[in-house]
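Hi,

Here is the structure I promised to pass on. Have a look, and my notes follow below.

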Amino acid sequence: MQRTLSIVKPDGVQKNLIGEVISRFEKKGLRIKALKMLHVTKEQAKKFYIVHKEKPFYDDLTNFLSEGPIVVMVIEGEDAIAKVRETMGATNPKEAAPGTIRADFATDIERNIVHGSDSPESAAYEIPFFFSAVEIMD
């Protein structure tokens, strides 16, 4: 069993896609182990996306994540990281496979509805960023 973090970004929350995103993950046999809605500050977004600090899109990315409410969740299942990423689709919705979240709902590479940890190392950093151990159900 593997755990990963996923975020319904501000555009997904605005478009009322929270339930749709969760449903798609559950239909892949994944289980939601923790879930909450919050509004991160620009400083929190900068800390969360610290791995992208030197990239040209860092400022836009952190502005976007902090512009409105988000829903964060811990997802568990066999090969959870790969399944979540497959369900989300490519970062650029124009390159995302038909039937993925991003192909169906995202408008562009920056406003792409969801985030998912890209590796076990990322998940190990991202999950405790938003959740304490007692908030994650066994």
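A word on terms before the notes: buried means under 20% relative accessible area, exposed means over 50%, and partly exposed is in between (1.4 Å probe, protein chains only). This is a predicted model, so to speak of local features I need pLDDT of at least 70, and side-chain atom pairs count only at pLDDT 80 or more, while totals for chains, interfaces and linings use all residues. Residues are numbered from 1 along each chain as its sequence is written, and side-chain values use heavy atoms, with hydrogens and water left out.

Now the rings. Phe, Tyr and Trp (its six-membered ring) pair if their centres lie within 6.5 Å; planes under 30 degrees apart are stacked, over 60 edge-to-face, and the rest tilted. There are 5 aromatic pairs in the structure. One of them is F48 with Y49, edge-to-face at 4.9 Å centre to centre and 70° between the planes. F48 is buried, at 2% relative accessible area, and Y49 is buried too, at 5%.

Y125 and F129 make a tilted pair, 6.0 Å centre to centre with 45° between the planes. Both are partly exposed: Y125 at 38% and F129 at 27%. Ring pairs join F48, Y49, Y125, F129 and F130 into a cluster.

Y125 also turns up in a nonpolar surface patch of about 290 Å², together with I50 and V51. Areas are Shrake-Rupley with a 1.4 Å probe, and for residues only the protein chains shown count as cover. V51 counts as exposed, at 64% relative accessibility.

Cheers

Technical notes
Patches are made of residues with over 30% relative accessible area and no salt bridge: like charges are joined within 9 Å, nonpolar side chains (Val, Leu, Ile, Met, Phe, Trp, Tyr) within 5 Å. A salt bridge is a side-chain nitrogen of Lys or Arg within 4 Å of a carboxyl oxygen of Asp or Glu.
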